[in-house]
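Good morning. Please have a look at the sequence and the model first.

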Amino acid sequence: MVASYVQLLAKRYEGKLDSDADEFITYAVDGATRMQQLINALLAYSRVGSRGKNFQLIDCETAFDHAVANLKVAIEESGAVVTHDTLPMMVADNSQIVQLFQNLIGNAIKFRRQEPPRIHLSCAGIEDTAIQIPKSAINKGWVFSVKDNGIGIEPEHVERIFGIFQRLHTREQYSGSGIGLAVCKKIAQRHGGQIWVESKPGEGSTFYFTISKQE
Ligand code: ADP
């Protein structure tokens, strides 16, 4: 209601009041729109636990295709090239895996450098990978990685970015509400897994997450 009515005010009265009024209405529209986006993002975060679907056998290739289709506009606009290894079938919540892929690939596009983004999704069994898995992680399941050639992350921030509302940039630099990675963390945890990142500032980042194998 608030967003709709201030938008209506802006549409009907722009130029009819004084310039201060125009400016105030612009701020009100901007604030209300952001409030709406924030509430939607918070709802998405809280629903990872409360509205999660039952786990079923899913094809990660299909989940990847779905995520890429959802990011079609961003991929085309940025000239991103998104590639992937052969991806497994596994027992999981399909829409949450799509969301995980989409958030990580979406970030890899958003936090790009001058050159077109190159993003690669890999997957391996935890038992037969050379990837350093955190000691506390599960030992049966899959480890996925999303590698990009973007702006990278300074070492002191690699943990806090998974917290809710944690952002390293202003809204003017990059859009967003700082909830995407917190959602990813919650989804990985719901699947018995973890999420972490390795990064070289100015060169790129690789986000890893694990998914436990359901018997
Ligand atoms: P948002 O994208 O809305 O800011 P996220 O929770 O998805 O929120 O990400 C939190 C922060 O982590 C981002 O603001 C950004 O600073 C950093 N970040 C996330 N993904 C990447 C990436 N692929 N490359 C560089 N920085 C990243």
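Let me begin with a definition: a charge sits over a ring if NZ of Lys or CZ of Arg is within 6 Å of the ring centre and within 35 degrees of the ring normal. What we have here is a predicted model. Which residue lies over the face of Tyr 45? That is Lys 186, at 4.2 Å from the ring centre. There is also Lys 213, whose charged end sits over the ring of Trp 142, 5.0 Å from its centre.

Now the overall layout. The chain has six helices and seven strands. Reading from the N terminus, their order is α-α-β-α-α-β-β-α-β-β-α-β-β. Along the principal axes, the C-alpha atoms fill a box of roughly 70 × 40 × 30 Å. Of the 215 residues, 37% count as buried.

One helix I want to pick out is α5. It has 17 residues and spans 24 Å from its first C-alpha to its last, close to the 24 Å expected at 1.5 Å a residue. Is α5 mostly covered or mostly open? It is mostly covered, with 12 of its 17 residues buried. Among these buried residues are Ile 97, Leu 100, Phe 101, Leu 104 and Ile 105.

A pair of aromatic rings is described by the distance of the centres and the angle of the planes. Rings pair if their centres lie within 6.5 Å, and by this rule the count here is six aromatic pairs. In one of them, Phe 101 and Phe 144, the centres are 5.8 Å apart and the planes are at 55°, a tilted arrangement. This pair links distant parts of the chain: Phe 101 belongs to helix α5, residues 94–110, while Phe 144 belongs to strand β5, residues 141–147, and the two are 43 residues apart. Both Phe 101 and Phe 144 are buried.

Another pair is Phe 162 with Phe 207. Why is this pair called edge-to-face? Planes over 60 degrees apart count as edge-to-face, and these rings have their planes at 75°, with centres 6.1 Å apart, so the pair is edge-to-face. Phe 207 is in strand β7, residues 204–212, and lies 45 residues from Phe 162. Buried means under 20% relative accessible area; Phe 162 is at 7%, so it is buried, and Phe 207, with a relative accessible area of 7%, is buried too.

Going back to Phe 101 and Phe 144, they form one aromatic cluster with Phe 209.

Next, Phe 165. Its place is in the loop between β5 and α6. Phe 165 has a positive phi of about 65°, although it is not a glycine. At 42% relative accessibility, Phe 165 counts as partly exposed.

Last, the surface. Which residues make the nonpolar surface patch of about 730 Å²? They are Met 1, Val 2, Tyr 5, Leu 8, Met 35, Ile 39 and Leu 43. The elements that give two or more residues to this patch are α1, residues 2–13, and α2, residues 19–50. Met 1 is found in the segment before α1. With 76% relative accessibility, Met 1 counts as exposed.

That is the end of my part.

Note on methods: Residues are numbered from 1 along each chain as its sequence is written. This is a predicted model: local features need pLDDT of at least 70, side-chain atom pairs count only at pLDDT 80 or more; totals for chains, interfaces and linings use all residues. Side-chain values use heavy atoms; hydrogens and water are left out. Rings of Phe, Tyr and Trp (its six-membered ring) pair if their centres lie within 6.5 Å; planes under 30 degrees apart count as stacked, over 60 as edge-to-face and the rest as tilted. Helices (H or I, at least four residues) and strands (E, at least two) are DSSP runs, numbered from the N terminus. Buried means under 20% relative accessible area, exposed over 50%, partly exposed in between (1.4 Å probe, protein chains only). Patches are made of residues with over 30% relative accessible area and no salt bridge: like charges are joined within 9 Å, nonpolar side chains (Val, Leu, Ile, Met, Phe, Trp, Tyr) within 5 Å. Accessible areas come from the Shrake-Rupley method with a 1.4 Å probe; for residues, only the protein chains shown count as cover. A salt bridge is a side-chain nitrogen of Lys or Arg within 4 Å of a carboxyl oxygen of Asp or Glu. The expected span of a helix is 1.5 Å times one less than its number of residues.
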